[in-house]
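Start with the ligand, then follow the charged pairs through the chain.

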Amino acid sequence: MEGPFIRTEGLSYLYEDESATPTLVLKDISLQIEKGEFVAILGHNGSGKSTLAKLLNMILVPTAGKIYVGGKDITADDIGDEDMLALRRSVGMVFQNPDNQLVATIVEDDVAFGPENLGIQSAEIRKRVDEVLSIVGMTDYAKHEPHRLSGGQKQRIAIAGVLAMLPECIIFDESTAMLDPLGRKDVMNAIEKLNREMGITVIMITHYMDEAARADRIIVLDDGRILFDGTPSYVFEQEETLKECGLAIPQCTELIHRMRDAGVVLDGECVTLEDCVSLILNSLEKQ
Ligand code: ADP
């Protein structure tokens, strides 16, 4: 495939709700996402993150602009049902609430649901279910009832269900927001594994800075526009502007900024706790 996996040109979206004034919630969004990239999307509530995700998966149709997925114009007038099915298979979505995404009463049936709807043969489905449950670390729960699982376990089952359709890209729309710290950690580890080990393109909407720090690139939305698009290190350098739009930087990055302001020499970037510890240790060793 030539070119980026996802490309948008001048994307805008207007909600036309009869009961409210029409609002342009996305304005002229042009971006590119390469195959295999791990991109985090940040922005305060109402900045347009979920709307962007729904456009990329064609749950919503843009008011203006173009979206290309795998080089194909999915906003073209002649896009058919077959193309739409292929898109949904290739770009999966995992949502915020784990309880709204599970449909069956047994875990393995839930994971098999997507491929069954695609008409995949049962031997192949069995193989895929076993593989994807192992990838998300839920093999031992294959025969369990989903409603008895923790939030983090349910989200990993939801991820397995999407994985069973062999997607090229998965969009996570605040998929860790309703989880406790342990569930969040397990889900983040699963997301990182699909990207780093399986080469799946990940687009992760989050409001947790420590999660965004694990991405290759962060896109910051503010009031429907792209405010920043760059590496975590570059984006977190923009501390003042981020604060003005209601976003904090990771605490470890802020600590290093404060220490530098106080005159401590700390060479290197700091976006994760590990970076922070090594910068401080290096500095102590030099004293
Ligand atoms: P985010 O995910 O960044 O919180 P959203 O994309 O959900 O932002 O929403 C962007 C804006 O669009 C918000 O102002 C929100 O109120 C508005 N909005 C979202 N969904 C609808 C809808 N169905 N009808 C009208 N306005 C909506």
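Which helix gives the largest share of the shell around the ligand? Helix H1, residues 49-56, contributes 3 residues, the largest share. The model is predicted. Around the ligand sit Tyr15, Val25, His44, Asn45, Gly46, Ser47, Gly48, Lys49, Ser50 and Thr51. By class, that shell holds 2 nonpolar, 7 polar and 1 charged residues.

One lies 2.8 Å from a polar backbone atom of glycine 46. For a polar backbone atom of glycine 48, the distance to a ligand oxygen is 3.0 Å. At threonine 51, an N or O atom of the side chain is 2.5 Å from a ligand oxygen. The ligand alone exposes 570 Å², and the protein buries 61% of that.

Now turn to the charged pairs. The whole structure has 24 salt bridges. One joins arginine 217 and glutamate 37, at 2.9 Å from N to O. This pair links distant parts of the chain, 180 residues apart: arginine 217 is in strand E9, and glutamate 37 is in the loop between strands E2 and E3. Arginine 217 is buried, because its relative accessible area of 12% is under 20%. Glutamate 37 is buried too, at 14%.

Glutamate 108 pairs with lysine 143, their closest N and O atoms 2.7 Å apart. The bridge runs from helix H3 to the loop between helices H4 and H5. Here glutamate 108 is buried at 12%, whereas lysine 143 is exposed at 60%.

Aspartate 210 and arginine 184 meet at 3.4 Å. Aspartate 210 is partly exposed at 43%; arginine 184 is buried at 16%. Elsewhere, shared partners join Glu239, Lys243, Glu254, Arg258 and Asp261 into one salt-bridge network.

Conventions. Residues numbered from 1 in each chain as written. Predicted model: local features only at pLDDT ≥ 70, side-chain atom pairs only at ≥ 80, totals over all residues. Heavy atoms only, no water. Near = heavy atom within 4 Å. Polar contact = N/O pair within 3.5 Å; in protein donor to acceptor, adjacent residues only side chain to side chain. Areas by Shrake-Rupley, 256 points an atom, 1.4 Å probe, with all protein chains shown as cover. Helix = DSSP H or I, 4+ residues; strand = E, 2+ residues; numbered from the N terminus. Nonpolar A, V, L, I, M, F, W, Y, C, P; charged D, E, K, R; others polar. Salt bridge = Lys/Arg side-chain N within 4 Å of Asp/Glu carboxyl O. Buried < 20%, exposed > 50% of the residue type's maximum accessible area, 1.4 Å probe, protein only.
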